[in-house]
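Subject: Structure for your review

Dear colleague,

Please find below the structure that I am handing over to you.

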Amino acid sequence: MTSSVFCEKCNVTVRGNYSRCPLCQQPLAGEAVDGIFPHVKPHIRRLKKIMRLAAFFSIVSVVTCVALNVAFPSYGWWSVFVIAGLASLWLSLGVLINKMDNIYKAIVWQVVLISVLALVWDVFTGFRGWSVDFVIPILCTASMAALAVIAQAARLNLEDYVIYLVIDAVWGILCILLIIFNIAEIIIPSLICVAVSVISLSALYIFAGQALKAELKRRLHL
Amino acid sequence: MATKIRQPRQWSRLDNAAKIFPPSSSTRDPRVFRVAVELTQEADPESLQRALDKTLELFPMYKSVIKKGLFWYYLEASDLKAAVSEECELPCSPILFGNRKRLLFKVSYYKFRINLEVYHALSDGTGALQFLRTLIVLYLQDKHGCELDKDAFALDYDAARSERDDDSFLKYFSKERGGRPRNPRAPKAYQIRGDMLPAGQMSITEGLMPSSKIKAAAKAYGATITEFLTAVLVTAIGEGMSLRQRLKPVNISVPVNLRQYFPSLSARNFFAVITVRCKLGPEIVFEDVLAQIRRSFADELTEEKIRTRMNTLAALEHNVAMKAVPLVLKNPIMHAAVMTSKRQITAGLSNVGQISLPEQLSKYIRLVDAFSSTRNLQVILVSYRDSFVINFTSVFHSTDIQRRFFRHITRLGIECEISTNWTDNRDVLITEGDDEQRVL
C-alpha cells in the first residue's frame with residue numbers, strides 16, 4: 001500500500017509521499033510521490049512536427065515566389081502556378097492523412113479529389129482536355145484495380161470495403177457523361193473506365209448482393 | 001460437410017443520448033469516463049484477461065465499433081480482440097478518434113487497481129458499473145477460486161441479453177408526446193475561469209471517507225447526499241467568486257438515472273440531465289444554498305417533467321428534417337448546440353450510487369472509484385460498503401475549489417483521505433500537451 005502524510009491545514013490524509021499538499025500546497029512531511037496513477041511518457045507526434053516544418057517551408061516558398069514575381073513580372077504571373085500547385089498538394093495530403101486509417105476510404109477520396117483538381121487545372125490552363133481524356137478515366141480504372149488487389153491481399157471481410165468499391169465504380173460510370181456530352185475528344189480511356197465500372201458493379205451485385213444490401217441498409221439508415 | 005452460412009454483421013443504432021457524443025468529442029473532452037476498483041492485492045493480468053473474455057460473452061454490445069453512416073453514426077459488431085494492458089496513458093484519454101476502428105472501452109490495471117474506461121456513446125455510468133461488477137466477480141473467482149452462491153450473483157443482474165442491449169429511450173419516449181424545446185432564455189451561468197491544463201490532461205482529486213458519516217451529515221441537514229454535496233460544491237465554487245460574479249447563477253448539471261423512474265435493465269445509456277440552479281448573494285450561507293438546491297431538485301425531479309423533457313428529445317431525434325440532414329452537416333450543428341448549452345452550466349455533479357458486490361468478495365476489495373472527462377469541472381460520487389468516494393476532475397490548474405470543498409467536509413468531523421494525480425512540483429504527471437482538436 002502506498003504511504004500517506006497528513007495536512008493539518010486541510011485536515012486531510014494525503015495518499016502518497018507528498019512534500020506539498022495537493023490541495024493547499026503547504027509543505028508536508030513526505031519526500032517523493034508514489035501515487036495511484038502511473039507516470040506517463042509524453043507522446044511526441046512526429047507527424048505533427050513534420051507537418052509544421054512543411055507548412056513553414058510552403059509559406060517561405062510562396063512568399064519568395066510572389067516577391068520575385070512582383071519584382072520581375074516579365075514572364076507572366078508564374079507565381080500563381082506555384083501557389084495553386086502547393087495548395088493542391090496540401091489539400092491532397094491533408095485528405096490523405098485524415099483518411100489514412102482506412103486505406104479504401106483514402107483511395108476513394110483521393111480519386112475524387114485528384115479528378116476534380118485535374119479538371120480545375122485543365123480548365124484554367126486553356127482546357128486542352130488532358131484531364132477528361134486521360135487523367136480522370138485512367139485514375140478511376142487504376143483505383144478499381146488497386147482496390148481489388150488490396151482486397152485480395154489483405155483478405156478483409158467484404159463488408160468492410162464493399163461500400164468503397166461501390167462508390168468508386170459509380171464514379172467510374174459517371175465518366176460516361178464525358179462521352180455523351182462530347183467533353184472528351186479521345187474516348188477510349190473513358191470507354192474502358194465505364195466498361196470496367198459496369199462489370200465491377202454487376203459482379204458485386206451478383207456475387208455479394210446480400211452483403212452489399214446489408215451494408216447499404218446500415219449506412220443509409222435514418 | 002456442412003456449409004457455413006455467413007450471417008450479416010450485427011449492428012444497432014445509437015440510443016438517443018449516445019447520438020450527441022461523437023459530434024461533441026474532442027481531445028479536450030473525449031467523453032470518456034472511468035470506473036475502477038481498488039483491490040487489496042496487486043492485479044493479476046492473466047486472471048483479468050480471462051475474466052474479460054467471459055464478461056464480453058455476457059455483454060456482447062461491448063464488442064462494437066462506431067461507424068459513420070450517411071445520416072447517423074451507428075454501432076457495428078466487431079471481431080477486434082479486447083486485450084487487458086497495464087495503464088500507460090493519461091486517465092480518460094480519447095477512445096474514439098480519427099477513422100480508426102477501435103473498441104469503445106478499455107480495461108487496464110495498475111498496481112492495486114483495475115480500471116474500465118468507456119466511451120459514453122456505448123454506455124452510461126450505471127451500465128458500465130454492471131459490466132465492471134461482472135468483470136470483478138469473474139476476476140476474483142478466477143484468481144482466488146472462491147465459490148459463490150449461484151443466487152448471490154445471478155440475481156443482482158438477472159437481465160436477459162435482449163434486456164441488456166435494450167434501447168430504453170426508444171421504449172419509453174416518443175415524438176408523438178413531445179413538446180417543442182423550451183427556449184433557453186435563462187441568464188447565462190457563471191463560468192469557472194483560470195489557467196487551464198493542456199488539452200488531454202485533467203486534474204484528478206479523489207476524496208475517500210466513511211459512507212456512514214457522510215449519510216449522517218446529510219441527514220442532519222434534512223437532505224439527500226446528492227443535494228447536500230451539491231450544496232457544498234456550490235458553496236466551494238461561490239467562495240471563489242467575486243461579488244460581481246455572484247450576479248450570475250451557479251448551475252450544476254446532474255444526470256439522473258432514468259432506470260429508477262422507468263423500469264429498465266439496459267446496460268446502455270438511459271439517463272437524463274437536469275440543471276440545478278442557485279443564486280448566490282454577498283454573503284454565502286450554507287443553509288440558504290442548500291435550501292435553493294433542494295427546491296431546484298424538487299422542481300426538476302418530477303416524473304412528469306422528466307417524461308416531457310425526454311419526449312421532447314425524442315421528438316428532436318425523430319424529426320424528419322433533422323433525420324434527413326447528412327452527418328457532415330449534422331456534426332457541426334450538434335457540436336454548436338452542445339457548446340451553447342455548456343454555457344448554461346458551471347460544473348457537473350453525478351451520483352453514480354451505491355455499488356454492491358457479493359459479500360464473500362468484500363475482503364478483496366478496498367473501494368470503487370469513478371471519474372469522467374470534463375470540459376470544466378466534474379464531481380462524481382460513488383460508494384461501496386463504507387467507502388464513499390468523491391472524485392473531482394478539472395481542466396484547471398487551480399485546486400482552490402477542491403480545497404474549499406474538502407475543508408468543508410473535514411470541518412464537519414468527517415475523515416478524508418485524498419489521492420491525486422498531481423506531482424509535487426505541480427505537473428500533472430506529464431509535461432507535453434497538444435492543442436485541442438476535434439476528434440471526428
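Helices (H or I, at least four residues) and strands (E, at least two) are DSSP runs, numbered from the N terminus. In that numbering, Phe127(A) sits in the loop that links helix H3 (103-124) to helix H4 (130-154) of chain A. Please bear in mind throughout that this is a predicted model.

Backbone positions in chain A

Phe127(A) has a phi near 45°, which is a positive value in a residue other than glycine. Its relative accessibility is 38%, so Phe127(A) counts as partly exposed.

A positive phi is also found at Gln25(A), again a residue other than glycine, where the angle is near 60°. Gln25(A) belongs to the loop between strand E2 (12-15) and helix H1 (46-71) of chain A. Because its relative accessibility is 25%, Gln25(A) counts as partly exposed.

The interface of chain B and chain A

The size of an interface is often given as the accessible area lost when the parts come together. Here, chain B and chain A bury about 4900 Å² between them, and 51% of that area lies on carbon and sulfur atoms. Chain B contributes 62 residues to the contact, and chain A contributes 45 residues.

How many salt bridges are there between chain B and chain A? The count is three. In one salt bridge, the side chain of Glu76(B) meets that of Arg218(A), with an N to O distance of 2.9 Å.

Several elements of chain B give two or more residues to the side that touches chain A, among them strand E1 (11-13), strand E4 (73-77), strand E8 (203-210), helix H12 (400-411) and strand E15 (417-420). The largest share of that side, five residues, comes from H12(B). By class, the side of chain B that touches chain A comprises 22 nonpolar, 15 polar and 25 charged residues.

Strand pairing between the chains

Strand E2(A) is joined to E15(B) by two bridges, and the two strands run parallel. Within this pairing, Thr13(A) has Glu417(B) of E15(B) as its bridge partner.

Yours sincerely

Notes. Residues numbered from 1 in each chain as written. Chains lettered and ligands numbered in written order. Predicted model: local features only at pLDDT ≥ 70, side-chain atom pairs only at ≥ 80, totals over all residues. Heavy atoms only, no water. Buried < 20%, exposed > 50% of the residue type's maximum accessible area, 1.4 Å probe, protein only. Contact = heavy atoms within 4.5 Å. Buried area = accessible area lost by both parts, 1.4 Å probe. Salt bridge = Lys/Arg side-chain N within 4 Å of Asp/Glu carboxyl O. Nonpolar A, V, L, I, M, F, W, Y, C, P; charged D, E, K, R; others polar. Pairing = 2+ DSSP bridges.
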